[in-house]
Amino acid sequence: MSGLPGKAASFWIASTPETNYPALTRDLSVDVAIVGAGLVGITAAKLLKQAGKTVAVLESDRISRGTSGHTTAKLTSQHHLIYADLIEKIGADGAGLYGESNQAAVEQVASFVAAENIDCDFERKNAHVYATTAGDREKIEAEVEAALKLGLPASFVTEANLPFPITGAVRFDNQAQFHPRKYILHLAKTVHGDGSVICENTRVMTVEEEQPCRVITKNGPTVTATDVIVATNLPILDQGLYFAKSYPKRSYLIGARIDADKDPGGMFIGAGEITKSIRTTPHPDGGLLLLVGGGGHKVGEASDTDDRYRRLDEFVRSQFGVPTEYRWSTQDMVSFDRLPYIGRLTPANNHIYVATAFSLWGMSKSTLSAMILSDLILGVKNPWADLYDSLRPTPFVSQESVKENLDVGMRWFGDRLKGLFKSPDDLSPGNAELMTVNGNKIAAYCDEAGHLHQVSAVCPHLACIVAWNPAEKSWDCPCHGSRFDIDGQLLRGPAVKDLHREN
């Protein structure tokens, strides 16, 4: 682990104060319970409280310390190269609704910022997808044509203020970027109080739909509510097969301080398979922090997670001439049809709602999800709800979905054969291995001081075998994205239980 660049921390979290909302200690009754205090949960709570509902937001950790606190925070309707593909797959009408709805989400954030004077470094910026080869330029040109057909603010440009040449780019004008945690913390302050509450360090174990619904927490207290929103990236509830309709993807970011004269002046992402995401944000000590992301992979598939940071650091040093100050990683669920699932949990549920599978573009889609779900709960007709309906036919037979679900199946069985003849005593400091001890699958890590940490390797979500992540020193589930520390404590769901410690 030595030699990794920068401080291991999300800039968004490191540059904002800790929150201290109380844990839930007694039974509670509200109109709407929301599980998860990221951008979806807090925005939905804000909209519902404005409409006169009482809400309870239940967070297992602290506000916006999950995916919303580890994003690149680009607020845009430009989601890489998507519109030409959407027109082909769902038609111009559906693609148009996608663009319209995500653009409306951008404006919803802008409206909150302006109305409440939110100090969150909100800036209007143009968003670009750039090409560096002739082949990728053709994709760019097709995307421009598709976006213009849909009435989106697109244009084709051949120059960008980047330190390397491009062959062309699609530019979306008047998009935005912001500090997501500053924004979310402000909204949270307006939610808590007057019959509504935010509860941190309150892990939800399950939700039962009755009349009313019952949200059951780990420590005992129960929240009853007419409606429940589960906003936990991938739903912690296993109903609805959302874990089989999407897959977890991990990506890496670094932050490097630059002077204003090196500012690219917009938001950028490469068109090729090996992409770099680039933007800046104000640095609290003056100047700018350059944010560069890339190196993405399906969770659990890469054993060189530490090298992903090194390659980003090499890129920033070679192109911008500055060292890394921060490094962090994030993950999101990717849907097989590139559309998020927003709506009821299952056909049998009329009062439990979910939002998931934002496919790495969660700032607009989180806000959009909150807008749709609040409308559904309030009985307001939403023009985009049908497009993202969580109960829509699922493309299980697509080439991508078959591949990903076969991969899950192979890992479920194949990973159980790893380390059959290895012993924890053979581990050297700083190394981790899967092994079988007395017939049990064990995840073992020997720390730098030579202390052995042994936990069950079986994820409590759906019994997949976890994989070692050397960059974060965590055990990650390659099937559905749950993560655990070296002592088995749960870092992120959809699991709701720790890995069992082995002594």
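Four cavities of 30 Å³ or more were counted in the predicted model, a cavity being a set of points, on a 1 Å grid over the protein atoms alone, where a 1.4 Å probe fits but cannot get out. The largest cavity holds about 60 Å³ of space, where volume is the space filled by probe spheres set on the grid points, which are joined across faces, edges and corners. Because this is a predicted model, local features need pLDDT of at least 70 and side-chain atom pairs count only at pLDDT 80 or more, whereas totals for chains, interfaces and linings use all residues. Residues are numbered from 1 along each chain as its sequence is written, and side-chain values use heavy atoms, with hydrogens and water left out.

The lining of the largest cavity (residues with an atom within 4 Å of a point) consists of Arg-250, Tyr-252, His-297, Gly-300, Ala-302, Thr-305, Ala-467, Trp-468, Asn-469 and Asp-476. Strand 22 supplies the largest share, three residues. By class, the lining comprises four nonpolar, four polar and two charged residues, with Ala, Val, Leu, Ile, Met, Phe, Trp, Tyr, Cys and Pro counted as nonpolar, Asp, Glu, Lys and Arg as charged, and the others, Gly among them, as polar.

Helix 3 (residues 83-116) takes part in two helix contacts, described in turn. Its axis lies 12 Å from that of helix 5 (residues 180-191), and the two pack at an angle of about 65 degrees; axes are lines fitted to C-alpha atoms, for helices over the stretch in contact, and angles run from 0 to 180 degrees between N-to-C directions. The crossing of helix 3 and helix 5 is left-handed, that is, the near helix is turned anticlockwise from the far one by less than a right angle. Val-109, Phe-112, Val-113 and Glu-116 of helix 3 meet Tyr-183, His-186, Leu-187 and Thr-190 of helix 5, contact meaning heavy atoms within 4.5 Å. These residues divide into five nonpolar, two polar and one charged.

Helix 2 (residues 39-50) also crosses helix 3 in the left-handed sense, at roughly 65 degrees and with the axes coming within 13 Å. Thr-43, Lys-46, Leu-47 and Gln-50 of helix 2 make this contact with Gln-108, Phe-112 and Glu-116 of helix 3. Two nonpolar, three polar and two charged residues are involved.

An open sheet is formed by four strands in the order 19-20-21-26, with antiparallel pairing; two strands pair if DSSP finds at least two bridges between them. Strand 19 (432-437) and strand 26 (501-502) are the edge strands, each pairing on one side only. Six bridges connect strand 19 with strand 20, and Leu-434 stands opposite Ala-443 in strand 20. These two strands form a hairpin with two residues between them, and Asn-438 in the turn has a positive phi of about 55 degrees. Strand 20 (residues 440-446) is joined in turn to strand 21 (residues 452-456) by five bridges, with Cys-446 opposite Leu-452.

Strand 5 (residues 123-131) runs antiparallel to strand 7 (residues 168-177), to which eight bridges join it; Arg-124 stands opposite Ala-176. Strand 5 runs parallel to strand 13 (residues 267-270), with four bridges, and His-128 stands opposite Phe-268.

Key
On a 1 Å grid over the protein atoms alone, a cavity is a set of points where a 1.4 Å probe fits but cannot get out, and a pocket is an open set with protein on both sides within 12 Å along at least five of seven lines; lining residues have an atom within 4 Å of a point.
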